[in-house]
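Please find below a short note on the model under review. The points run from the overall chain to individual residues.

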Amino acid sequence: MAKYMVDEALCQAHGRCYAIARSVFGPDSDGYEKDAGKGWVDIPPERLAEAREAENACPETAIRVIEGD
Ligand code: SF4
(Lines give C-alpha, C1' and ligand atoms only; values in the text may rest on other atoms or scores of the structure.)
Protein backbone atom coordinates (compact mmCIF):
# COMPACT_ATOMS: atom_id res chain seq x y z
CA MET A 1 0.00 0.00 0.00
CA ALA A 2 1.15 3.56 -0.64
CA LYS A 3 2.17 5.61 2.36
CA TYR A 4 3.08 9.16 3.20
CA MET A 5 5.06 10.85 5.90
CA VAL A 6 5.34 14.52 6.81
CA ASP A 7 8.61 15.87 8.17
CA GLU A 8 7.73 17.92 11.22
CA ALA A 9 10.97 19.89 10.94
CA LEU A 10 9.96 21.10 7.47
CA CYS A 11 6.20 21.60 7.79
CA GLN A 12 5.42 25.31 8.10
CA ALA A 13 1.63 25.11 8.24
CA HIS A 14 1.02 26.56 4.78
CA GLY A 15 -2.01 24.32 4.47
CA ARG A 16 -1.70 23.55 0.76
CA CYS A 17 -1.72 19.80 1.36
CA TYR A 18 -5.08 19.72 3.08
CA ALA A 19 -6.51 22.32 0.71
CA ILE A 20 -5.69 19.99 -2.18
CA ALA A 21 -6.23 16.60 -0.54
CA ARG A 22 -8.58 17.06 2.40
CA SER A 23 -9.41 13.36 2.50
CA VAL A 24 -5.75 12.47 3.11
CA PHE A 25 -4.22 15.42 4.96
CA GLY A 26 -5.60 17.70 7.62
CA PRO A 27 -4.57 20.42 10.05
CA ASP A 28 -3.74 20.08 13.72
CA SER A 29 -4.90 22.84 16.08
CA ASP A 30 -2.05 25.11 14.92
CA GLY A 31 -2.45 24.47 11.18
CA TYR A 32 0.46 22.08 10.84
CA GLU A 33 -0.28 18.83 9.04
CA LYS A 34 -1.85 16.53 11.65
CA ASP A 35 0.49 13.59 11.01
CA ALA A 36 3.74 15.57 10.92
CA GLY A 37 6.37 13.67 12.85
CA LYS A 38 4.22 10.56 13.27
CA GLY A 39 5.92 8.33 10.71
CA TRP A 40 4.40 6.55 7.75
CA VAL A 41 0.64 6.67 7.24
CA ASP A 42 -1.29 4.46 4.80
CA ILE A 43 -2.95 6.01 1.74
CA PRO A 44 -5.99 4.22 0.31
CA PRO A 45 -5.36 3.45 -3.39
CA GLU A 46 -8.15 5.73 -4.53
CA ARG A 47 -6.48 8.67 -2.73
CA LEU A 48 -2.98 8.20 -4.14
CA ALA A 49 -3.33 10.69 -7.00
CA GLU A 50 -4.41 13.54 -4.72
CA ALA A 51 -1.72 12.64 -2.19
CA ARG A 52 0.86 12.93 -4.99
CA GLU A 53 -0.62 16.26 -6.03
CA ALA A 54 -0.28 17.56 -2.47
CA GLU A 55 3.27 16.21 -2.22
CA ASN A 56 4.20 18.20 -5.31
CA ALA A 57 2.44 21.32 -4.04
CA CYS A 58 4.04 21.49 -0.58
CA PRO A 59 6.34 24.52 -0.67
CA GLU A 60 8.61 23.02 2.00
CA THR A 61 8.91 19.57 0.37
CA ALA A 62 7.80 18.22 3.74
CA ILE A 63 5.69 15.39 2.29
CA ARG A 64 7.08 12.10 1.00
CA VAL A 65 4.81 9.63 -0.76
CA ILE A 66 5.99 6.10 -1.52
CA GLU A 67 4.29 3.23 -3.31
CA GLY A 68 4.70 -0.43 -2.47
CA ASP A 69 5.72 -2.15 0.74
S1 SF4 B 1 1.62 22.02 2.55
FE2 SF4 B 1 3.52 21.24 3.44
S3 SF4 B 1 4.20 22.82 4.86
FE4 SF4 B 1 2.02 23.17 4.42
S5 SF4 B 1 0.86 22.13 6.04
FE6 SF4 B 1 1.07 20.72 4.32
S7 SF4 B 1 2.94 19.53 4.79
FE8 SF4 B 1 2.97 21.37 6.05
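The numbered points below describe the fold, the core, the ligand shell and selected residues.

1. **Basis of the note.** The structure is a predicted model, in which local features need pLDDT of at least 70 and side-chain atom pairs count only at pLDDT 80 or more, whereas totals for chains, interfaces and linings use all residues. Residue numbers start from 1 along each chain as its sequence is written.

2. **Secondary structure.** The protein chain contains two helices and three strands, where helices (H or I, at least four residues) and strands (E, at least two) are DSSP runs numbered from the N terminus. Along the sequence, these elements follow the pattern β-α-β-α-β.

3. **Overall dimensions.** The radius of gyration of the protein chain is 11 Å, which agrees with the value near 11 Å for a compact globule of 69 residues. This radius is taken over C-alpha atoms, and the globule rule is 2.2 Å times the number of residues to the power 0.38. Along the principal axes, the C-alpha atoms fill a box of roughly 30 × 20 × 20 Å.

4. Of the 69 residues, 22% count as buried. A residue is buried if 20 or more other C-beta atoms lie within 10 Å of its own, exposed if 12 or fewer, and partly exposed in between, with C-beta atoms placed from the backbone. Among contacts with a separation of 6 or more, 69% join residues 24 or more positions apart; a contact requires C-beta atoms, placed from the backbone, within 7 Å.

5. **Nonpolar core.** The largest nonpolar core has 13 residues, and those with the most contacts inside it are Cys 17, Ala 21, Val 24, Ala 51, Ala 54 and Ile 63. At least two residues of this core come from each of β1 and α2. Such a core is a set of buried Ala, Val, Leu, Ile, Met, Phe, Trp, Tyr and Cys residues joined through C-beta atoms within 7 Å. In soluble globular proteins, nonpolar side chains tend to be buried together.

6. **Helix α2.** Which residues of α2 are buried? They are Ala 51, Ala 54 and Glu 55. Seen down the axis of α2, these buried residues fall within an arc of 105 degrees, so they line one face of the helix; the arc is that of the directions from the helix axis to the C-beta atoms. The face turned away from the buried side carries the exposed residues Ala 49 and Asn 56. The cover over the buried residues of α2 includes β1, α1 and β3.

7. **Ala 51 and Val 65.** Not counting residues up to four places away in sequence, Ala 51 touches Tyr 4, Ala 21, Val 24, Ile 43 and Val 65. Val 65 belongs to strand β3 and is partly exposed, with 17 other C-beta atoms within 10 Å. Leaving aside neighbours within four places in sequence, Val 65 is in contact with Ala 2, Tyr 4, Ala 51, Arg 52 and Glu 55. The C-alpha atoms of Val 65 and Ala 54 are separated by 9.6 Å.

8. **Ligand shell.** The ligand is surrounded by 14 residues, of which the closest are Cys 11, His 14, Arg 16, Cys 17 and Cys 58; a residue is near the ligand if its C-beta atom, placed from the backbone, lies within 6 Å of it. The shell divides into eight nonpolar, three polar and three charged residues. Here Ala, Val, Leu, Ile, Met, Phe, Trp, Tyr, Cys and Pro count as nonpolar, Asp, Glu, Lys and Arg as charged, and the others, Gly among them, as polar. His 14 lies in the loop between β1 and α1 and counts as partly exposed, with 16 C-beta neighbours inside 10 Å.

9. **Positive phi values.** Most residues other than glycine have a negative phi. Ala 13, in the loop between β1 (3-6) and α1 (16-20), has a positive phi near 65 degrees. Ala 13 is exposed, with 12 other C-beta atoms within 10 Å. Thr 61, in the loop between α2 (48-57) and β3 (63-66), has a positive phi near 45 degrees. Thr 61 is also exposed, with 10 other C-beta atoms within 10 Å.

10. **Gly 39.** The loop between α1 and β2 (41-42) contains Gly 39, which counts as exposed with 8 C-beta neighbours inside 10 Å. Gly 39 and Tyr 4 are 35 residues apart in sequence and 8.1 Å apart in space, C-alpha to C-alpha.

Terms used
Contact = placed C-beta atoms within 7 Å.
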